[in-house]
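Here is a short walk through one protein chain. Take it in steps, with the structure open beside the text.

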Amino acid sequence: MEPVKIGIIGTGNISDWYLRGAQRSRLIEVKAIADIRPEAAQAKAEAFGTRAVTVDELLKDPEIEIVMNLTLPMVHAEVSHQIIDAGKHVYVEKPITAHFSEAAPVLKAAKAKGLRIGGAPDTFLGAAHQAARGLVDAGTIGRPVGGAVTFMTRSSAHRYANPTFFIFKKGGGPMLDMGAYYLTQLINIMGPIKRVTAVSTNGIPRREVIQGPLTGEVIDVEVPTFHNGAIEFASGANVAISFSWEVHRHRRSHTEIYGTEGSLSMTDPNFFGGTPQVTNAGGDWQDVDISAYAFGTPNRVMDDGRSEADYRMIGVVDMAMAIRQNRPHRANGDMCMHVLEALEGFERSSLEGRHITIETPCERPAAVPKGKDEEIFLD
Ligand SMILES: NC(=O)c1ccc[n+]([C@@H]2O[C@H](COP(=O)([O-])OP(=O)(O)OC[C@H]3O[C@@H](n4cnc5c(N)ncnc54)[C@H](O)[C@@H]3O)[C@@H](O)[C@H]2O)c1
């Protein structure tokens, strides 16, 4: 089969991980990349053996079927509309749009042209999350009735060239920056969200930037940076959430799911691998064997020396194959919009003093079949 041709708009930090993913794939090929900073696209093109072109040239290339939008959240909607106007399918980094109100028009425009929207995160397609889902689907922990997710740190400013927007300014904060990983991980296990509630506060209103070119600057924090709340799923399960940029250390794990017959402790949803653990009733924790599933072998050494499995691009491979096979793709726009509605819902809930019902539809994505590599998407 000829690889499906992909274009990328936005060649900043995260594009490296997608370009690496593309290099591993036989099913897709990145034909061209573009950025409003042509020198950035040129440097990545040289490093990864692809072509740098202008955004206009990329959108006019008749061979390119899917265009990835890896720009900044505030222009996600605008760039996705450009891609749709050019008649191409979109795969967009998270959040699908900076504001929930911008998401439905993007999905509507794509639908009107018979085009698909896909979006990050695709980490839930990884071995650890699929193996955990397999256990739940097999009834190992009984019926999930509750859970808890925790993302609490002193901030992840180091991940961005300019941390202030993602971290401390309107449109950023721990929920919008990191929440999509956790909520998508939960939807993969438990299906759609019914309503959310939270208390959201800003405990440290002026913060010093600790890394990057703005180091030492003191900035005003415009968003809540500590959310405690809960999600009620349509299934009836009830999951506690804590998201914060204000915590130096804690002893809570990423994601736990409590079932009628046992408990499941899941791995970091920012990555694809790790070792989930499961208990039966009151028994000890047991490691879950994830080796039957693809995309779990560590392939990225992090700054702190630990190894993680990072297979970003698998969601695009699944979408490309889904287009060929005329089936739904897993990391899809409806789920991205549902997740964004919930993420904004936590802050709204706190401001308005009430639960927020999530209105947008979302279906639990299909499980990923067992197997060793991307060939599983050919089934
Ligand atoms: N950095 C990370 O670790 C990380 C991880 C996961 C997801 N993300 C997400 O990926 C996206 C990009 O993040 P990043 O860290 O790569 O940011 P970045 O600032 O490093 O890169 C963004 C790139 O988009 C380009 N750009 C901006 N507007 C454009 C436009 N209108 N047309 C063409 N190019 C444009 C910029 O010139 C820049 O090169 C964000 O949505 C972010 O939430 C980032």
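Which residue forms a salt bridge with Lys194? The partner is Glu232, and the closest N and O atoms are 3.6 Å apart. A salt bridge here is a side-chain nitrogen of Lys or Arg within 4 Å of a carboxyl oxygen of Asp or Glu. Lys194 lies in strand β8 (residues 193-201) and Glu232 in strand β11 (residues 226-233), so the pair ties together parts that are 38 residues apart in sequence. Helices (H or I, at least four residues) and strands (E, at least two) are DSSP runs, numbered from the N terminus. Lys194 is partly exposed, at 42% relative accessible area. On this scale, buried means under 20% relative accessible area, exposed means over 50%, and partly exposed lies in between (1.4 Å probe, protein chains only).

Some ground rules come next. This is a predicted model, in which local features need pLDDT of at least 70 and side-chain atom pairs count only at pLDDT 80 or more, while totals for chains, interfaces and linings use all residues. Residues are numbered from 1 along each chain as its sequence is written, and side-chain values use heavy atoms, with hydrogens and water left out.

Now look at the overall division. The chain splits into domain 1 (4-119) and domain 2 (126-305 + 332-357). These bounds come from an automatic or database domain assignment. The C-alpha centres of domain 1 and domain 2 are 26 Å apart.

How many residues of domain 1 are in contact with domain 2? There are 19, and they touch 18 residues of domain 2. Contact means heavy atoms within 4.5 Å. The size of an interface is often given as the accessible area lost when the parts come together. Here domain 1 and domain 2 bury about 1,600 Å² between them, with 69% of it on carbon and sulfur atoms. Buried area is the accessible area (1.4 Å probe) that two parts lose on being put together, summed over both. Trp17, Lys94 and Phe100 supply 38% of the area that domain 1 buries against domain 2, more than any other three residues.

The interface has polar links too. Across it the rule finds one salt bridge. Lys94 and Asp177 meet through their side chains in a salt bridge, at 3.0 Å from N to O. The rule also finds three residue pairs in polar contact between domain 1 and domain 2 (both at pLDDT 80 or more). A polar contact is a pair of N or O atoms within 3.5 Å; within protein, one must be able to donate a hydrogen and the other to accept it, and residues adjacent in sequence count only if both atoms are side-chain atoms.

Which elements of domain 1 each supply at least two residues of the side that touches domain 2? They are α1 (15-24), α4 (73-85), α5 (100-112) and β6 (117-119). The largest share, four residues, comes from α5. By class, this side of domain 1 has 12 nonpolar, five polar and two charged residues. Ala, Val, Leu, Ile, Met, Phe, Trp, Tyr, Cys and Pro count as nonpolar, Asp, Glu, Lys and Arg as charged, and the others, Gly among them, as polar.

Return to the charged pairs. Side chains of opposite charge can pair when their charged atoms come close. The structure holds 23 salt bridges. One of them joins Lys60 and Asp56, with the closest N and O atoms 3.0 Å apart. Lys60 and Asp56 are four residues apart in helix α3 (residues 55-60), so about one helical turn separates them. Lys60 is exposed, at 60% relative accessibility, while Asp56 is partly exposed, at 45%.

Asp318 and Arg330 form a salt bridge as well, with the closest N and O atoms 2.9 Å apart. Asp318 sits in helix α9 (residues 314-325), and Arg330 in the loop between α9 and α10 (333-352). Both Asp318 and Arg330 are buried.

Last, the backbone. Most residues other than glycine have a negative phi, and most peptide bonds are trans. A cis peptide bond joins Lys94 and Pro95, with omega about -10 degrees. Pro95 lies in the loop between β5 (89-92) and α5. The bond from Ala120 to Pro121 is also cis, with omega near 0 degrees.

Buried or exposed: which is Met313? Met313 is buried, with a relative accessible area of 1%. Its phi is positive, about 115 degrees, although Met313 is not a glycine. Asn326 has a positive phi too, near 55 degrees. Asn326 is exposed, at 68% relative accessible area.
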